[in-house]
Amino acid sequence: MNRVVLIGRLTAKPELRYTGSNLPYTRFSVAVNRNFTNAQGQREADFINIVVWRKQAENVCNFLNKGSLVAIEGRIQTGSYDAQDGSKRYTTEVVADSVQFLESKGQREASTSNSGNTMSPYDYQTPSTPSPQTNFTNNVSVEDDPFADFGDTVSIDDNFLD
């Protein structure tokens, strides 16, 4: 089984690109905090390369910026190529099946304006575990949910979004 789940912040604004057959994609990296601190008491981060395809790539480029908090689910893909100097280079990246936006634009702007300074990727904190009555993607309580009394579940086929 090859599955990866990451929560982190974008290190740069993603740029939309197209393949020769006009298929949209984007590549970016995500800073993911480690669960421990180093000998100096500082939290370190890993920088993970991500690739996203099709409509999801368009959404990522349209709605996310440097520092946006995201959850990514996908698979690890490795590859290699010959560099200009003739050496063999190896690559590892996560091919995202799903990118969830974990904070609104307003939340992101409020967190950067309240800090008064530029945050490094090491300063980013992953969100705490939500309570059972919280919707994880937008932190809306059940009391604020207009569909809480709807009673039925709604299922949307992923093909509908493409």
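Which residues on the other side of α1 are exposed? The close-up views below, taken from a predicted model, begin with that helix.

View 1. Let's start with helix α1, which spans residues 54–63. Here A57, V60 and C61 are buried. Looking down the axis of α1, you will find these buried residues within an arc of 95°, so they line one face of the helix. On the other side of α1 sit N62 and F63, and these are the exposed residues we asked about.

**View 2. What the buried residues of α1 pack against.** Now turn to the surroundings of the helix. The buried residues of α1 pack against the strands β3 (24–37), β4 (43–53) and β6 (88–101).

**View 3. S98, a buried residue in strand β6.** You can find S98 in strand β6. Its relative accessibility is 18%, and because the cut-off for buried is under 20%, S98 counts as buried. The side chain of S98 is joined to that of Q100 by a polar contact of 3.1 Å. Beyond its neighbours within four places in sequence, S98 also touches Q56, A71, I72 and E73.

View 4. Our last stop is E103, found in the loop between β6 and α2 (105–115). E103 is buried, with a relative accessible area of 18%. Follow the side chain of E103 and you will meet the side chain of R9, with which it makes a polar contact at 2.8 Å. The E103 side chain also reaches the backbone nitrogen of L69, at 3.3 Å.

Definitions and conventions:
Residues numbered from 1 in each chain as written. Predicted model: local features only at pLDDT ≥ 70, side-chain atom pairs only at ≥ 80, totals over all residues. Heavy atoms only, no water. Buried < 20%, exposed > 50% of the residue type's maximum accessible area, 1.4 Å probe, protein only. Helix = DSSP H or I, 4+ residues; strand = E, 2+ residues; numbered from the N terminus. Arc of directions from axis to C-beta. Contact = heavy atoms within 4.5 Å. Polar contact = N/O pair within 3.5 Å; in protein donor to acceptor, adjacent residues only side chain to side chain.
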